[in-house]
Amino acid sequence: MTLDDVASMAATDENHRYELSPEGVLSIMPPADPERAMLVMRMILWLPAHGYEAEQIAADCGIDVGGGRVPDLTVWAQGMPPRRARSSYAGTAGLLLAVEVVSGGSEIVDRIIKKAEYAKAGIPRYWIVERDGGATVHRHVLNDAGEYEPDPAGPQPLTWLLTTTPDVG
């Protein structure tokens, strides 16, 4: 299966999200449930309030990390919005931040697999949002060795994060 195959499947089925690991493993997920959609929307509204332009923010934008992944939210450098790489998936040039909201069944993929794939692709920041009542945000920054390190401030609730100035690059 190729990334083009996955893109074709996704184009004909708006009721699911399709991802392909760099090793060729296909994942089919349901669309965002209301809780996940609201968590993402809160972050989307927070970013423009702090100077980020619409072209810098994308929800459910497929990215090419050797396979095709679809983070819940991406933030791009000014003047470098997402651009198609292979198929309909964007390359990672200009990608500052990928955010995943953990859903039932996606815990291992979001916390371990995507974290490793995004680090290998050189994405400078990766945030994982837990659905634990407080929507705890685990922020990670790519180090010089190409691995993510947790933010020294530790995990924070989303309500706290939304009162701060975004630190995405």
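One caution before the details. The model is predicted.

Start with helix H1, residues 3-12. Which of its residues are buried? Leu-3, Val-6 and Ala-7. Look down the axis of H1. The buried residues fall within an arc of 100°, so they line one face of the helix. An α-helix has 3.6 residues a turn, so residues three or four places apart point the same way. What covers the buried residues of H1? The cover includes four strands: E1 at 17-20, E2 at 26-29, E4 at 63-64 and E5 at 68-69.

Next, the aromatics. How many aromatic pairs does a search of the whole structure find? The search gives 3. I will show two of the pairs. Tyr-118 and Tyr-126 form an edge-to-face pair. Their centres are 5.1 Å apart, with 85° between the planes. Both Tyr-118 and Tyr-126 are buried.

Now Tyr-126 with Tyr-148. The ring centres are 5.9 Å apart and the planes stand at 35°, so this pair is tilted. An angle under 30 degrees would count as stacked and one over 60 as edge-to-face, so 35° falls in the tilted class. Tyr-126 sits in strand E8, residues 125-129, and Tyr-148 in strand E10, residues 148-150. The pair therefore ties together parts that are 22 residues apart in sequence. Tyr-148 is buried, as is Tyr-126.

On to charges. The structure holds 13 salt bridges.

First pick: Glu-35 and Arg-131. Their side chains meet at 3.1 Å, N to O. Glu-35 is in helix H2, residues 34-46. Arg-131 is in the loop between E8 and strand E9, the latter at 136-142. These two residues are 96 apart, so the bridge links distant parts of the chain.

Arg-111 belongs to helix H3, residues 107-120, and Glu-130 to the loop between E8 and E9. The pair is 19 residues apart. Arg-111 has 35% relative accessibility and counts as partly exposed. Glu-130 has 12%, and buried means under 20%, so Glu-130 counts as buried.

Where do the partners lie? Arg-125 is in strand E8, and Asp-167 is in the segment after helix H4, which spans 158-161. The pair therefore ties together parts 42 residues apart in sequence. Arg-125 is buried, with a relative accessible area of 15%. Asp-167 is partly exposed, at 46%.

One more item: a network. Which residues are linked in it by salt bridges? They are Glu-19, Arg-69, Glu-100, Asp-110, Lys-114 and Glu-117.

To close, keep strand E8 in view. Tyr-126 lies in strand E8. Arg-125 lies in strand E8 as well. The loop between E8 and E9 holds Arg-131, and it holds Glu-130. That is the tour.

Key:
Residues are numbered from 1 along each chain as its sequence is written. This is a predicted model: local features need pLDDT of at least 70, side-chain atom pairs count only at pLDDT 80 or more; totals for chains, interfaces and linings use all residues. Side-chain values use heavy atoms; hydrogens and water are left out. Buried means under 20% relative accessible area, exposed over 50%, partly exposed in between (1.4 Å probe, protein chains only). The arc is that of the directions from the helix axis to the C-beta atoms. Contact means heavy atoms within 4.5 Å. Rings of Phe, Tyr and Trp (its six-membered ring) pair if their centres lie within 6.5 Å; planes under 30 degrees apart count as stacked, over 60 as edge-to-face and the rest as tilted. A salt bridge is a side-chain nitrogen of Lys or Arg within 4 Å of a carboxyl oxygen of Asp or Glu.
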